[in-house]
Protein chains: 2
Amino acid sequence: MPVEGKTRREVLTEFRQIEILAAARRIFAEHGFRDATLDQIATAAGMAKGTLYLYFSSKEEIFASSVRSRLQEVHAAVARAIAAAMGTEAKIRAAIHTRFVMHLADQSFFKIYFTEFNNLCAHPGQFGEEFKRLYLEGARLVEPVLREGMRHGEIRRLPVREAAMALTDLTRTVYAAHVMGMQENQFDLEDFVFQLYWRGIRAEGGARQPEGRRKMGTTS
Amino acid sequence: MPVEGKTRREVLTEFRQIEILAAARRIFAEHGFRDATLDQIATAAGMAKGTLYLYFSSKEEIFASSVRSRLQEVHAAVARAIAAAMGTEAKIRAAIHTRFVMHLADQSFFKIYFTEFNNLCAHPGQFGEEFKRLYLEGARLVEPVLREGMRHGEIRRLPVREAAMALTDLTRTVYAAHVMGMQENQFDLEDFVFQLYWRGIRAEGGARQPEGRRKMGTTS
DNA sequence: CACTCGAATGACTGGCTGGTCATTATTCTA
DNA sequence: TAGAATAATGACCAGCCAGTCATTCGAGTG
């Protein structure tokens, strides 16, 4: 008896998968991929090890799925925030803010993202390529913003791809450094990252000329 | 018969250790910590597995040693470069340049540093604490430069610790993004990082006032 | 050359854990 | 409620590999 395009069974299956992935993130965050065992994950999810294999085909796949799903959510949220904000500066601020909020909201995911993600990408196996692509997709969300800013003369000429990646990584590592280490000094970390980046990329004269002179003959 | 404070045996032991660590870096870089086996490392070093245990007590220790030694060399080189350069801007440029050069000079180490280091730091085991400290030591090398720059009014007021870490991570991730991905576009990566960071931290009015006004009453 | 002793070896093992599957429990259907 | 279908279980297994150690090698010495 299908309801809303999904049978009862499909809904239950999906729910089970979500349960497993949530448990997996907790365990992977705590022990790291290497030291986490499937028994631990199964127990954390309140089921037996064999059950995991009804929903996923390997430890690697559980790991990759648990990261993939959250990462896509982060990207979607960043994309929405950028779309909602008006103006180059605000859009970049929104991207940083959203990433910070998402990191804060799921510490387990963030810890994995910080400690295991590079490793995952470097591995040439099936998931390595996928995750490199996924990372790049996320980073490139600000590329249109940068290009538009350059067109308006708000942002100086710079390599867009690298600048976009720099923002993603800067946000991640500064947040991580802060979480891992010393939270004692309570200045506005988010604003620090924004100021550092925005001053780093903006055009010499600030945003003085609204529809700025263009050097190259872009269309109307 | 001690020569130059070291016996023949001590020299040989040290040499053997260096051989092992070099081989270990190659293997760890290629396969990652998890998938690298001691047999591979031993073979790469031209010896049998048992021999490794004459010089190191575990796989973990070989790994930690292989990272530690290179990391300390990088730090030392950065420190020298900073000391040799004159002026805030030049010192920061020198720090970035040196890190780039060192990364380029030992790709194996750099790959480990990029893919495994965060993991190593996050692990609460014996090495986790040590490597967090070591990372911080490296990052903090530019702190005096930043403070001096702030005193001279060249650099705006900002949290020194975080700014120092941001530089380290920015250098690393931008370099990594470039190595891992697409080297096709040949702009000056080093200058990109420098410009991004320097513009990000410098004071509003540039470095116009050489012995700039100080807000707070620092001693003469 | 013969002897000594530390260095080097590599076959072996014990523990661990990813993955399996025969069995049991549960849910669905008629 | 009976019977079928599906989900869940957890004891078990197989392979892998870090770490060991009885044995062999070889440099130094007289």
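Here are legends for several close-up views of a predicted model.

**View 1. Chain A is built from helices.**
Chain A holds 11 helices and 0 strands. Of the 220 residues in chain A, 40% are buried.

**View 2. Helix α1 of chain A meets helix α6 of chain A.**
This view brings together α1(A), residues 8–35, and α6(A), residues 107–115. Their axes are 8 Å apart, and the two helices pack at an angle of about 50°. On the α1(A) side, look for Arg25(A), Arg26(A), Phe28(A), Ala29(A) and Gly32(A). On the α6(A) side, the contact is made by Ser108(A), Phe109(A), Lys111(A), Ile112(A) and Thr115(A). Sorted by class, the contact of α1(A) with α6(A) has 4 nonpolar, 3 polar and 3 charged residues.

**View 3. Helix α5 of chain B meets helix α10 of chain B.**
Now we move to chain B for another pair of helices. Here α5(B), residues 88–105, crosses α10(B), residues 160–180, at roughly 40°. The axes of α5(B) and α10(B) come within 10 Å. These two helices, α5(B) and α10(B), are therefore oblique to each other. The crossing of α5(B) and α10(B) is right-handed. From α5(B), the contact uses Ala95(B), Ile96(B), Arg99(B), Phe100(B) and His103(B). From α10(B), Leu167(B), Thr171(B) and Tyr175(B) take part. The classes in the contact of α5(B) with α10(B) are 5 nonpolar, 2 polar and 1 charged.

**View 4. Chain A touches chain B.**
Next, see where the two chains come together. The contact takes 29 residues from chain A and 29 residues from chain B. On the side of chain A that touches chain B, the elements giving two or more residues are α1, α6, α7 (117–122), α10 (160–180) and α11 of chain A. Of these, α10(A) gives the most, with 9 residues. By class, this side of chain A has 15 nonpolar, 8 polar and 6 charged residues.

**View 5. Leu189(A) and Phe187(A) make a contrasting pair.**
Zoom in on two residues of chain A. Leu189(A) belongs to helix α11, residues 189–201, of chain A. Phe187(A) sits in the loop between α10 and α11 of chain A. Are they buried or exposed? Leu189(A) is buried because 20 other C-beta atoms lie within 10 Å. Phe187(A), with 10 C-beta neighbours inside 10 Å, counts as exposed. Setting aside residues up to four places away in sequence, Leu189(A) touches Val174(A) and His178(A). Leu189(A) and Thr171(A) are 18 residues apart in sequence, and their C-alpha atoms are 9.6 Å apart in space. Phe187(A), leaving aside its neighbours within four places in sequence, is in contact with Phe192(A) and with Pro159(B).

**View 6. Both chains come near DNA strand C.**
There are 16 residues around DNA strand C. Among these, Gly50(A), Met47(B), Ala48(B), Gly50(B) and Thr51(B) come nearest. At least two residues each are supplied by α3 of chain A and by α1 (8–35) and α3 of chain B. With 4 residues, α3(B) gives the most to the surface near DNA strand C. That surface has 5 nonpolar, 5 polar and 6 charged residues.

**View 7. Both chains come near DNA strand D.**
Which residues come nearest to DNA strand D? Of the 16 residues around DNA strand D, they are Met47(A), Ala48(A), Gly50(A), Leu38(B) and Gly50(B). Two or more residues come from each of α1 and α3 (49–55) of chain A, and from each of α2 (38–44) and α3 (49–55) of chain B. The largest share of the surface near DNA strand D, 4 residues, belongs to α3(A). By class, the surface near DNA strand D has 5 nonpolar, 5 polar and 6 charged residues.

Conventions. Residues numbered from 1 in each chain as written. Chains lettered and ligands numbered in written order. Predicted model: local features only at pLDDT ≥ 70, side-chain atom pairs only at ≥ 80, totals over all residues. Axes fitted to C-alpha atoms, helices over the stretch in contact; angles between N-to-C directions. Contact = placed C-beta atoms within 7 Å. Nonpolar A, V, L, I, M, F, W, Y, C, P; charged D, E, K, R; others polar. Near = placed C-beta within 6 Å. Buried ≥ 20, exposed ≤ 12 C-beta atoms within 10 Å, placed from the backbone. Parallel < 35°, antiparallel > 145°, perpendicular 65-115°, else oblique. Left-handed = near helix turned anticlockwise from the far one by under 90°.
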